Amino acid sequence: MYVEYRTALGLVGTVLKYLSLALVLPVAVALYYRESPVPFVVTIAVMAGLGIALERLRGDGELGHREGFLLVALTWLAIPIIGALPYLIAGEGTVAHPVNALFESMSGFTTTGATVLGEISFDRHSRSILLWRQLTQWLGGMGILVLMVAILPELSVGGAQVINEEAPGFALEKLTPRIRDTARALWTVYVGFTVAAVAVYYGLHLAGMAPNMDLYNAVAHALTTLPTGGFSPEARSVEAFSPAIQWAVVLFMIVAGTNFALLWYVATGEPRRLVRNDEFRSYLLAIGVVAVLLTTLLFTGLGLSAVPTNVDPIPGDLGNSVRQATFQTVAIVTTTGYASMDFNTWGESSKVVLLLAMFLGGSAGSAAGSLKIVRWLLVRRAMARELYTTIHPEAVRPIRFTGKPIEEDTLRGVFILVLSFLAIFAVSSVVLFLDALRVGLDLSAIEAVSASIATLGNIGPGVGVVGPMNNFLPFSNASKLYMVFLMWLGRLEVLSVLIVLSPAYWKQ
C-alpha cells in the first residue's frame, strides 16, 4: 500500500478552485469603499488557476486513509500561502514583506490571531485588506474542508476521516446518517451564530450603546468571534468599544468555544444533551474558576502592576474588575485572543494565571484551539483510576464520558497527543529564546514561553513583547517562519502533520 498523492493533490486543487469564490466579498468591499480590487482579483486568478491545474493531476485512485492525511496537511499549507498574496500585492504596511504576509495569513486561516501589525500599521491598510484578514479567520474557524465536504460530492466518500483530521475536536459526532449532511449541519450552526453576532453587535450600535460599532465593525468582529480568531480592524482590539459590546462578545466567545454538535442538538429541540455533557460542564467550570481568581486578584489590587496606569481596573471597583477578568478569561480559554485592555499592565500573578489558562482550550468540536477541555478531563480521570487500581489491583474500573465508557485506544491517543503537544511546546520555547539571543532581541524566558504556546495553541497574544497590544514583528524571519510551522501544526492538532512528515508514512 502506498500514498496516492495524485488523488490528494487533485482534491487540493478542487478545494482551491472553489475557495477562490470567497474573495468576491473583499472585491465588493474594495469597490464600495473605492479601493483597488486588484490584490483580490489577482489572487482569485492565481488560486483558481492553480486549483484547475492541480485538479487535472487526479487519477482514478480513491481517497483512502493515507490520502486523507495528505489532503488535510497540504490544503492547510497551500491556502495560507496563496492567501498571503493580497497582502503582498497591496504593498501596505508591514505585511508587504513575504515572511510577514505568510505569518499573517497562516495566523488568520488557523484562527491564531497573532499579528505582525503594529498600532500605527492599522491606519495604513485599506478596509478591504483588513476585511480579508477577518475573512481568513472565519473560513478557517469551522474548517475549510468541512465546508467542502458539505458542498462537494467528490469529498463525500472519505469525508468523515477528512473532518476528523481537520476539525479541531476529539472525534466527529455524526449528527445525521450522511456525513455530507452532518457537515452542512455544522456549517448551518456556524453561519447562524455569525449572523446573530452581527445583529447583536450592530443592534447595540443602533440602540446607542456602542457608538463605534458601525456595520463594518459588526461584520468584521463577528467574522472573528465565532471562529475564535481574535483579529480586529481596531488597533486596540475590543478595548475600542463599549462595555455593552464587550459583554456581548463574551457571550459569543463562550458559544464559539462550545461543541457545535451540542448546539445543533439544542437547535433541534434536545437541550438536555448540552447540560448533561461532561465536557460542557467542565468548560463552564474552568471559565468560572479562572474568572473568579482573576477578579479577586484585580479587585484586591494583588494582581495589578506595581506601576499604576490609568487603564488598570481600580481596586475596589467590582464591576470593572469582573468585566475585565471575565473577558480575558473567556478570550484566553476559548483561544479567541481578543483584549478588553492591555493585560501587560497587570501584575505577574495575573499574567501567570492567564498563561496557565492558555493550555486549557475550549470544547472538542468547537472552533477553539489548544489542548481542549475534554482531554484534560480524560487525563484527570485516567490518573484517578490509576491511583485507585494501584490500591485495588483486582478492580475493573472503565473511564466514562457523559455516561459512555471510553475505549483504551482512545485514552492512549489522548495521552500521546497531550505529551506530543507539551514536548513540542517546551522545545519551541527554547528555540525561540535561543534565536532571540542570536539576533539580539531582548526576550525573557516567560515571553518565549508565551510566544510558543500562543502560536502552537492558536491563541494569539501572549505576554510581554507579544502582549495583546503588541505584535510579533520584532522576531527574526527565522523565528516567524518557525511560528508559522507551529500554527500549522497546532491547527491540525499535531499528529496529522507529524504523520505526514514521518518516513514510515511514505513507505509501502
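Colleague: Which residues of helix α13 (residues 260-267) are buried?

Modeller: The model is predicted: local features need pLDDT of at least 70, side-chain atom pairs count only at pLDDT 80 or more, and totals for chains, interfaces and linings use all residues. Residues are numbered from 1 along each chain as its sequence is written, and side-chain values use heavy atoms, leaving out hydrogens and water. Buried stands for under 20% relative accessible area, exposed for over 50% and partly exposed for the range in between, with a 1.4 Å probe and protein chains only; helices (H or I, at least four residues) and strands (E, at least two) are DSSP runs numbered from the N terminus. By these criteria, the buried residues of α13 are F260, A261, L262, L263 and Y265.

Colleague: Which helices are included in what covers the buried residues of α13?

Modeller: Covering is judged by contact, that is, heavy atoms within 4.5 Å. The cover of the buried residues of α13 includes α7 (127-142), α10 (179-206), α12 (243-256), α14 (272-275) and α15 (278-300).

Colleague: How are the rings of F280 and Y283 arranged: stacked, edge-to-face or tilted?

Modeller: Rings of Phe, Tyr and Trp (its six-membered ring) pair if their centres lie within 6.5 Å; planes under 30 degrees apart are stacked, over 60 edge-to-face, and the rest tilted. The structure holds 16 aromatic pairs. In the pair of F280 and Y283, the centres are 6.3 Å apart and the planes stand at 45°, so the arrangement is tilted.

Colleague: What is the relative accessible area of Y283?

Modeller: F280 and Y283 are 3 residues apart in helix α15, about one turn of the helix. An α-helix has 3.6 residues a turn, so residues three or four places apart point the same way. F280 counts as buried at 13% relative accessibility. Y283 is also buried, and its relative accessible area is 0%.

Colleague: Is W506 buried or partly exposed?

Modeller: Y505 and W506 form an edge-to-face aromatic pair, with 4.9 Å between centres and 85° between planes. Y505 counts as buried at 6% relative accessibility. W506, by contrast, has a relative accessible area of 44%, and therefore is partly exposed.

Colleague: Over which ring does the charged end of R133 sit?

Modeller: A charge sits over a ring if NZ of Lys or CZ of Arg is within 6 Å of the ring centre and within 35 degrees of the ring normal. The charged end of R397 is placed in this way over the ring of Y388, 4.1 Å from its centre. For R133, the distance to the ring centre is 3.8 Å, and the ring is that of F231.

Colleague: What joins the side chain of H125 to that of E92, and at what distance?

Modeller: H125 is placed in the loop between α6 (98-109) and α7, and is buried, with a relative accessible area of 9%. Not counting residues up to four places away in sequence, H125 touches E92, G93, V95, L117 and L130. The side chains of H125 and E92 are joined by a polar contact of 3.4 Å.

Colleague: The backbone oxygen of which residue lies 3.2 Å from a polar side-chain atom of T455?

Modeller: T455 lies in helix α20 (residues 445-456) and counts as buried at 0% relative accessibility. Beyond residues up to four places away in sequence, T455 touches T112, F472, M483, L486 and M487. The backbone oxygen at 3.2 Å belongs to S452.

Colleague: What is the radius of gyration of the protein chain?

Modeller: The chain contains 23 helices and 2 strands, and buried residues make up 58% of its 508 residues. The radius of gyration is taken over C-alpha atoms, and the globule rule is 2.2 Å times the number of residues to the power 0.38. For 508 residues a compact globule would be near 23 Å, which agrees with the value for the protein chain, 22 Å.

Terms used. Polar contact = N/O pair within 3.5 Å; in protein donor to acceptor, adjacent residues only side chain to side chain.
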